[in-house]
Amino acid sequence: MFIGRVKGSLWATRKDEKLNGLKFLVVALDESNGPQNSLVAADNTGAGLGDVVLITTGSSARLSLDNPEIPVDAVIVGIIDSVEMNE
Amino acid sequence: MFIGRVKGSLWATRKDEKLNGLKFLVVALDESNGPQNSLVAADNTGAGLGDVVLITTGSSARLSLDNPEIPVDAVIVGIIDSVEMNE
Amino acid sequence: MFIGRVKGSLWATRKDEKLNGLKFLVVALDESNGPQNSLVAADNTGAGLGDVVLITTGSSARLSLDNPEIPVDAVIVGIIDSVEMNE
Amino acid sequence: MFIGRVKGSLWATRKDEKLNGLKFLVVALDESNGPQNSLVAADNTGAGLGDVVLITTGSSARLSLDNPEIPVDAVIVGIIDSVEMNE
Amino acid sequence: MFIGRVKGSLWATRKDEKLNGLKFLVVALDESNGPQNSLVAADNTGAGLGDVVLITTGSSARLSLDNPEIPVDAVIVGIIDSVEMNE
């Protein structure tokens, strides 16, 4: 799973109807995730701009939605309180 | 999910029959997606050249098609109106 | 999905029996796909050396085979006639 | 599958209820895994800080949990005793 | 799918019971696979040190095992006899 920070949101009126009602946030990924700097995730936790979030990707992501048959591949599954590191 | 811009299309007469009727677009991925600059996605929204689009990948992508048993791993699920960023 | 060019083939006599009868081609991936330069894909279209092909990866790839319970994660699903780009 | 070393843990009170009871560890990935330096994995083995661990990702990861319908895409499936290399 | 060369093996006594009986090999990936230099795969073909092998990843990998409900995401599905390239 990824750690990231919410940095924006996007709107798409012409879209797959199954996506209706979902909020899509643009999340900047932590540098440690490698070259992918950001992704778009459906939000399921009420996250807002600047929140540090936990993201699940792939088919697993859909299990966080009420209806797992929705064509999304990344979902915000938690708003992170703290990360304790021991380098 | 990825943000990208439609930059071309492709034709393949000799292909898996299950792909018949689908339109395949070449999408340039936003730099923030890392080193992968582009991918091919089936279009489900009527997107055209220059449109900024939202792409779902993996098994989730197939859920956007009428028949989820079609061998595609990337589908355009929305045409983006606007992206609001707060760096 | 990826665009690539067939550049070789491989043989493996000691392999999972479920793979018997499948042809495995080595495909050079288009530079735009990022740092992964090539992959091995099962061929389902009769592609040959030098052909430009369309590749589906992940669980979706298996849906292109007669038996989707075969352990492959990349399948050539089309031989590309033309790609029209508008940079 | 990845080899990594546990370097931290994270807490998220506001999260998908299905994740309740799971421990999330931050794992530094071995350099050989490429540019992705770390990821977050649910722990299923009682791993602790500094442990070298084996990680499964994607839908396969969920099979290591009692309930495979939990939205996680990376699980620690083993604590590695030794790795014997022959360069 | 990936081409790689077996360069080591690993042992983990404290692991998910479902992994019991499986042999885990460390495989160096061909440079052409991009920045990921190696991965860990369950072996299903009796491969040994120095063998050049064919690897399936993701959910497809599990289909090569007798029990597809085992939490692994990479399996060696063949020992390669020869690769014929035509640059």
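**Exercise 1. Strand pairing in chain E**

In which sense do strand β1 (residues 2–11) of chain E and strand β5 (residues 52–57) of chain E pair, and over how many bridges?

Solution. The model is predicted: local features need pLDDT of at least 70, side-chain atom pairs count only at pLDDT 80 or more, and totals for chains, interfaces and linings use all residues. Residues are numbered from 1 along each chain as its sequence is written, chains are lettered from A in the order in which they are written, and side-chain values use heavy atoms, with hydrogens and water left out.

Step 1. Strands are DSSP runs of E, at least two residues long, and helices are runs of H or I of at least four, numbered from the N terminus. Two strands pair if DSSP finds at least two bridges between them.
Step 2. β1(E) and β5(E) pair in the antiparallel sense over 4 bridges. R5(E) stands opposite V52(E) of β5(E).
Step 3. On to strand β6 (residues 74–79) of chain E: β5(E) is joined to β6(E) by 5 bridges, and the two run antiparallel. Here T57(E) has A74(E) as its bridge partner.

**Exercise 2. The interface of chains D and A**

Describe the contact between chain D and chain A.

Solution. Step 1. Counting heavy atoms within 4.5 Å as contact, 31 residues of chain D touch 28 residues of chain A.
Step 1. Buried area is the accessible area (1.4 Å probe) that two parts lose on being put together, summed over both. For chain D and chain A this is about 2,400 Å², with 52% of it on carbon and sulfur atoms. W11(D), R14(D) and D73(D) supply 24% of the area that chain D buries against chain A, more than any other three residues.
Step 2. The bridge partner of I79(A) in β2(D) is R14(D).

**Exercise 3. Relating chain C to chain B**

Which rotation superposes chain C on chain B?

Solution. Step 1. Copies are superposed by least squares on the C-alpha atoms of residues with pLDDT of at least 70 in both.
Step 1. A rotation of 72 degrees, with 0.0 Å of shift along its axis, places chain C on chain B (RMSD 0.0 Å).
Step 2. The two copies are therefore related as by a five-fold rotation axis.
Step 3. The copies use different surfaces, as 7% of the contact residues of chain C recur in chain B.
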